Amino acid sequence: MGQSRRSVLQGALGAGAAGLLVGGAAPLPAAHSRRAQKGSSLGLRWLGVAGWELSFAGRSVLFDPYLSRMPYAGEGGALDPALPLRLDPEAVEHVAEKGLTGAPELILISHGHFDHLADVPHLLGRPAWADRRVRTLCDTTSRHLLAAMGTPAHRMADVVAVNGGDHLQFDGYSVEVFRSLHSRQEDYSSFAAGTRGAVPARPRTLGDLVEGQTLAFQVSVEGGPSVLLTGTSNVAEREIAGARPDVAVIGMSGHAAVHGYPDRLLDALGAPPVLLPCHHDDMVTPLGDSGISRTASPDAVTALARAAGRSAPDGGTRVLEPRHLELLDVTGVR
Ligand SMILES: [Zn+2]
Ligand SMILES: [Zn+2]
């Protein structure tokens, strides 16, 4: 995939590319031409933490849209599962109104944790999107959690529980589902692990939103690029081996306890042409804050760039550094 992918990439990311290229590769050309066909463009917008919007032809898909950016740290700065859920509907509304393409037709959820799932019930209940059909794909636990958090019944009818191995066809694109794994804390423990086999009591604390089964998704737009979306910093590499995304979004939160990450993931994917780090910001600074981009960890970006260099020593893999809410045009990557 190296040569052909790399050659088209030279012109691929020019139009509207807002991210910074890291890892010493040549700069991308300036934008000077619009895509010929409206339907062929694919944009990616980082929503902070693990969240993304994929947009094409005026349509969009959301992945792990978490906009409340609630306080999560207890004494000593560690993640505290006993802290109350403090959703921020105003912040969610602000981004939904001003920062997104419009009502998504699909929402993908990697796992049940607060920083991935907690705002989905609010988004699904938005009056402004009431006349649009919005499907949600997630695991069974997340489906029960969405119901417990008051997701409107008519939206729950469109929440589809999926499993690793599913490959679903939508109008103009497909979504492949992979079984994945959650990141581990430094002592090898997992934050808020567990599953729910039925709708639980309404979640009140961060820890009430349990992981369930972590999933990754690959969205392949017909005639356009394919994008792998991961929301955690771990991988079941034999599940994902052979996937060949054009763009891979790689979770880069703490992974010191995970052997060979992210190298094992990149090797399983065959060195994708473009990598985007995610889950490497501070998770709490409001998206509207002028300093939001500075909360993204440069160390995480550097670590990913180094792994990319090991995985593709010929320079065939490029790491882009996304900026919150800015559109990255990845149309011609493929
Ligand atoms: Zn998590
Ligand atoms: Zn997370």
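User: What does Phe114 touch, leaving out residues up to four places away in sequence?

Analyst: In this predicted model, Phe114 touches Tyr66, Met70, Tyr72, Leu79, Leu85, Phe191, Leu206, Leu209 and Met283. They count as contacts because the cut-off is heavy atoms within 4.5 Å.

User: What makes Phe114 stand out in the largest nonpolar core?

Analyst: The number of neighbours in the core. That core has 37 residues, and Phe114, Leu146 and Leu209 are the ones touching the most other members. Helix 2 (89-98), helix 3, helix 4 (120-124) and helix 5 (140-148) each put in at least two residues. There's another core apart from this one, with 33 residues, including Val61, Val221, Val227 and Leu320. As a rule, nonpolar side chains in soluble globular proteins tend to be buried together.

User: How do you know which residues are the protein donors of the zinc ion (ligand 1)?

Analyst: By distance. His111 (NE2), His113 (ND1) and His182 (NE2) lie 2.0 to 2.1 Å from the zinc ion. Water isn't among the atoms, so the site may look incomplete. Along the chain the donors follow the spacing H-x1-H-x68-H.

User: What do His113 and His182 tie together?

Analyst: Parts that are 69 residues apart in sequence. His113 sits in the loop between strand 5 (106-108) and helix 3 (114-117), while His182 sits in the loop between strand 9 (173-179) and strand 10 (215-221).

User: How far is the zinc ion (ligand 1) from the zinc ion (ligand 2)?

Analyst: 3.6 Å separate the two.

User: What makes up the lining of the largest pocket?

Analyst: The lining divides into 10 nonpolar, 15 polar and five charged residues. There are 30 lining residues, and Leu79, Ser253, Gly254, His279 and Met283 lie nearest the centre. Helix 3 gives the most, with three residues, and the space inside is about 720 Å³.

Notes. Residues are numbered from 1 along each chain as its sequence is written. Chains are lettered from A and ligands numbered from 1 in the order in which they are written. This is a predicted model: local features need pLDDT of at least 70, side-chain atom pairs count only at pLDDT 80 or more; totals for chains, interfaces and linings use all residues. Side-chain values use heavy atoms; hydrogens and water are left out. Donors are N, O and S atoms within 2.8 Å of the metal (3.2 Å for Na, K and Ca); water is not among the atoms, so sites may look incomplete. Helices (H or I, at least four residues) and strands (E, at least two) are DSSP runs, numbered from the N terminus. A nonpolar core is a set of buried Ala, Val, Leu, Ile, Met, Phe, Trp, Tyr and Cys residues joined through side-chain atoms within 4.5 Å. Buried means under 20% relative accessible area, exposed over 50%, partly exposed in between (1.4 Å probe, protein chains only). On a 1 Å grid over the protein atoms alone, a cavity is a set of points where a 1.4 Å probe fits but cannot get out, and a pocket is an open set with protein on both sides within 12 Å along at least five of seven lines; lining residues have an atom within 4 Å of a point. Grid points are joined across faces, edges and corners, and a volume is the space filled by probe spheres set on the points. Ala, Val, Leu, Ile, Met, Phe, Trp, Tyr, Cys and Pro count as nonpolar, Asp, Glu, Lys and Arg as charged, and the others, Gly among them, as polar.
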